[in-house]
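Here is a friendly briefing to read with the model open beside you.

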Amino acid sequence: MLFRQPLGEMLLTEGLITQAQLDAALKAQAERGLPIGQLLVEDGAVTEAVLMGALARQLGLEFVDLAEYPIDRGAVTLLPEAMARRILALPVTWAEDRLVVAMADPGNVLAIDDMRAVTGAEITIVVATRTQLSEAIDRFHRLDSEVDEVAQIAAGELEDDEDEGLAREAVEDAPIVKFVNLLIAQAVADRASDIHVEPTEHDLRIRFRVDGVLHEVMHSPRSIQGGVISRLKVMADINIAERRIPQDGRISLNVAGKAIDLRVATLPTVYGEKVVMRILDKTRAQLSLPDLGFHPAVLPRFEACFRKPYGTILVTGPTGSGKSTTLYATLNVLNSPDKNVITVEDPVEYRLPGVNQVQVNPKAGLTFASALRSILRSDPDIVLVGEIRDRETATIAVEASLTGHLVLSTLHTNDAASTPMRMVEMGVEPFLVVSALDCVVAQRLARKLCDRCREEYEPTHAELTEAGWPAALLKAEGPPSLYRAIGCAACSRTGYRGRLAVHEVMVMSEEISRMVVERYSSDDIKKTALSQGMLTLREDGLVKVAQGKTTLEELFRVIA
């Protein structure tokens, strides 16, 4: 028979407690009848983690830190939440066809037998602290179990509910209300920017966009589809009976004591209406320009342009590249009581104190162009135009800047150098473009490396050359140390947490202005801008890679 040293003696032998602490614990155990480990933790002789590590060694098992362990969400769902809480155990992964389960009490053989019966799998036990197990069960069962349970109840109540009148009543059903509230609360907790509620042929799929990447979080019974979508439409003040055309609305609510706005859009698909909710985090509108990741050498060039009393500044990039956030951060710098700041947006995403914000309404005839004309009669100092979409808006914006206004706007182009010629292609005369345009900022959003789990490595010379690393730097300094994404519980095992902007700032010089008037190509304009000190998107990105803020892979995901 295998001899196991008593836990108290083992802790003493390993120098983790003193003889006096062991004697005090043994005395308390004789009086209270509690496990010696529990008494040592209560007395502060050891931490819970140290105790559980020693217990694991005593039993010949592995001790795991659940804050860092890569937990498999699929494995978690195999054990019902009620049972997981009762026996304080959590399936964490699979290893060679065996289910790995973290437990605080690995000696509970009855619980292990129960888990084997419920999961239908052979069990391998690892040891974790009670605190971390409770936190992990809360974290993983918040959506996977509680919401699923609500979905099942709702599905039962709505099973044969095809009648519109009944569907209207269903939106006030407690299970549906709870389901939707949980969904939004979970998305906010997971730092999601968008929630996708998508009917499919067989079920209702829920996806969250986190740091610019979509993640599938759950599938619910198709029978709750009508109730959930109707509930969202009611909350967003959208016509519940209209299912044939896209609609949009807005929801304002409190989540965990924080005021949250959601922009809601519906889209008819072959399997029913899809709903996408953009979560508008008001703190993003209060960011400063350094917070956005502007390079210290680039920011002064940009600031010199927007500090002028008139002119046009354009921020360009694809949808979702953070253009509006950059413009808001610029307005935060410029906004003061002695300035009349007016914006025209579609839609108004963030409410800015002290700023007059106008929402376009094409149905009522209020387009960007017509709103801009009206704004110019309202004595503005600074005008923000949400987007330049056509010749009319572009012409009015340019004329506004030429008549003494500072105009900020966005445009869809791939880089800074192609922007002036894009304005020309839209029908604005080249001489007007160069007279009005002061600066173009092209940008992309890259995911930031998670500080907790990023791993340092030395890239090969070939990798750096392929990435476009400056050859002069390679010769002078040798290969730099970079970081790669690993993944941990803090970043949901993606390796990234948060985002940063990569910028390209082109200031309109006399030479660039002459080239635009003479209709030079974008490539020629870019060469001139580079010779005048412009950093390209790739170069700015490589600086951030060298600083350990992101990875080469992430940079090339967002920059061609």
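**Helix pairs and their surroundings**

The axes of helix α21 (residues 510–517) and helix α22 (residues 522–531) come within 10 Å of each other and cross at roughly 175 degrees. Axes here are lines fitted to C-alpha atoms, for helices over the stretch in contact, and angles run from 0 to 180 degrees between N-to-C directions. That crossing makes α21 roughly antiparallel to α22; angles under 35 degrees count as roughly parallel, over 145 as roughly antiparallel, 65 to 115 as roughly perpendicular and the rest as oblique.

Before you go further, please note that this is a predicted model: local features need pLDDT of at least 70, side-chain atom pairs count only at pLDDT 80 or more, and totals for chains, interfaces and linings use all residues. Residues are numbered from 1 along each chain as its sequence is written, and side-chain values use heavy atoms, with hydrogens and water left out.

**The α21–α22 pair**

- Glu-511, Ile-512, Met-515 and Val-516 of α21 meet Asp-524, Ile-525, Thr-528 and Ala-529 of α22 in this contact, where contact means heavy atoms within 4.5 Å.
- The residues of the α21 contact with α22 divide into 5 nonpolar, 1 polar and 2 charged.
- Glu-511, found in helix α21, is partly exposed, with a relative accessible area of 38%. Buried means under 20% relative accessible area, exposed over 50%, and partly exposed in between (1.4 Å probe, protein chains only).
- Leaving aside residues up to four places away in sequence, Glu-511 touches Thr-528 and Gln-532. The C-alpha atoms of Glu-511 and Gln-532 are separated by 9.8 Å, with the two residues 21 apart along the chain.
- Arg-519 sits in the loop between α21 and α22, and has a positive phi of about 55 degrees although it is not a glycine. Arg-519 is exposed, with a relative accessible area of 52%.

**The α15–α16 pair**

- Helix α15 (residues 368–376) packs with helix α16 (residues 391–402) at an angle of about 20 degrees, their axes 8 Å apart. The two helices are therefore roughly parallel to each other.
- The crossing of α15 past α16 is left-handed, a term used if the near helix is turned anticlockwise from the far one by less than a right angle, with right-handed used if clockwise.
- On the α15 side the contact is made by Phe-368, Ala-369, Leu-372, Arg-373 and Leu-376, and on the α16 side by Glu-392, Thr-393, Ile-396, Ala-397 and Ala-400. These residues divide into 7 nonpolar, 1 polar and 2 charged.

**The chain overall**

- There are 24 helices and 19 strands in the protein chain. Helices (H or I, at least four residues) and strands (E, at least two) are DSSP runs, numbered from the N terminus.
- Of the 560 residues of the chain, 50% count as buried.
- Among contacts between residues at least 6 apart in sequence, 63% join residues at least 24 apart.

**Buried residues to look at**

- Val-228 is found in helix α12 (residues 225–235) and counts as buried at 0% relative accessibility.
- Not counting residues up to four places away in sequence, Val-228 touches Ile-176, Phe-179, Val-180, Val-197 and Leu-204. Val-228 and Val-180 are 48 residues apart in sequence and 6.8 Å apart in space, C-alpha to C-alpha.
- Asp-540, in helix α23 (residues 537–546), is buried, with a relative accessible area of 0%. With residues up to four places away in sequence not counted, Asp-540 touches His-295, Ala-501, Val-502, His-503 and Leu-535.
- Asp-211 lies in the loop between β6 (203–210) and β7 (213–221). Phi of Asp-211 is near 50 degrees, a positive value in a residue other than glycine, and Asp-211 is buried, with a relative accessible area of 10%.

**Cysteines**

- A disulfide is a pair of cysteine sulfur atoms within 2.5 Å, and by this rule the count comes to 0 disulfides.
- Cys-305 is in no disulfide; the nearest cysteine sulfur, that of Cys-439, is 4.1 Å away.
- Cys-305 is buried, with a relative accessible area of 4%, and Cys-453 counts as buried at 10% relative accessibility.

Note on methods
Nonpolar A, V, L, I, M, F, W, Y, C, P; charged D, E, K, R; others polar.
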